[in-house]
Amino acid sequence: MISVIVPVYRVEAYLDRCVESIRSQTVTDFEIILVDDGSLDRCGEICDRYAAIDDRIRVVHQENRGLSGARNAGLETARGEYLCFVDGDDEIDPGMLKSMEHAICSDAYDLAICGYRRFAGDEAIPKTETESRGEPLTEKALWEEVFGRLSNAAWGKLYRREVLAGIEFPAGRIYEDLAVMYQILLKSRRVCYRPEALYLYTCNTSGISQSA
């Protein structure tokens, strides 16, 4: 099973679209963990509404602990063999989980990475396409790509649970993903990359990544 962890903070305008994109996945064996990080808008109410209509969804309500605290709470709650992070103002392609699960299971990978597109409003921001790869990333290429052309964010990836064991996102730190990504890469023996833009990133200046 895949656990999809969604940190939620001040994303009322985006949350329905985000959750629906996950509910619409072409795989069925997954759970959605919505972590309401003390949001003062209607996000907590929206989370509870979804939990009431979809038994795949569980909600964690907590005082504001920032993006790291929300992700850590999701990790504590997750039951899946595989883990995925989706920010509450972003969306994913309907085939993302299926494609990533197939990629990570095809040859015992620890981590699968997919391409992404950035959006401002409803308009896509042009992005240089990464090179299509039909083979796993070598150790050298892995570090060059993740900290180069690919995203070094926690989202846009599917993790085997063991890779995240013992890892916590640091509270109160800017660019907290950088603090854990190198640890994840060190623990990942085999990594594959799918160039399809399956993750849709929204440029939102008021979301949880801007909170303390």
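Is aspartate 177 buried or exposed? In this predicted model, aspartate 177 turns out to be buried, with a relative accessible area of 9%. Its partner is arginine 71, and the two side chains meet in a salt bridge with an N to O distance of 2.4 Å. The pair links distant parts of the chain, since arginine 71 sits in helix 3 and aspartate 177 in helix 7 (residues 176-187), 106 residues apart. Arginine 71 is itself buried, at a relative accessible area of 0%.

Arginine 71 also pairs with aspartate 87, again through a salt bridge, here at 3.2 Å from N to O. Aspartate 87 lies in the loop between strand 4 (82-85) and strand 5 (91-92), while arginine 71 belongs to helix 3 (residues 66-77), so this contact ties together parts that are 16 residues apart in sequence. Both aspartate 87 and arginine 71 are buried.

Salt bridges come to 17 in the count. Another of them joins aspartate 54 to arginine 56, with the closest N and O atoms 2.8 Å apart. Aspartate 54 is buried at 5% relative accessibility, whereas arginine 56, at 23%, is partly exposed. Through shared partners, Glu20, Arg23, Asp54 and Arg56 are joined into one network.

As for disulfides, the count is zero. Cysteine 47 is buried, with a relative accessible area of 0%, and its closest cysteine sulfur, in cysteine 43, is 6.3 Å away, too far for a bond. Cysteine 105 is partly exposed at 40%; the closest cysteine sulfur to its own belongs to cysteine 192, and at 9.6 Å that is also too far for a bond.

Notes. Residues are numbered from 1 along each chain as its sequence is written. This is a predicted model: local features need pLDDT of at least 70, side-chain atom pairs count only at pLDDT 80 or more; totals for chains, interfaces and linings use all residues. Side-chain values use heavy atoms; hydrogens and water are left out. A disulfide is a pair of cysteine sulfur atoms within 2.5 Å. Buried means under 20% relative accessible area, exposed over 50%, partly exposed in between (1.4 Å probe, protein chains only). A salt bridge is a side-chain nitrogen of Lys or Arg within 4 Å of a carboxyl oxygen of Asp or Glu. Helices (H or I, at least four residues) and strands (E, at least two) are DSSP runs, numbered from the N terminus.
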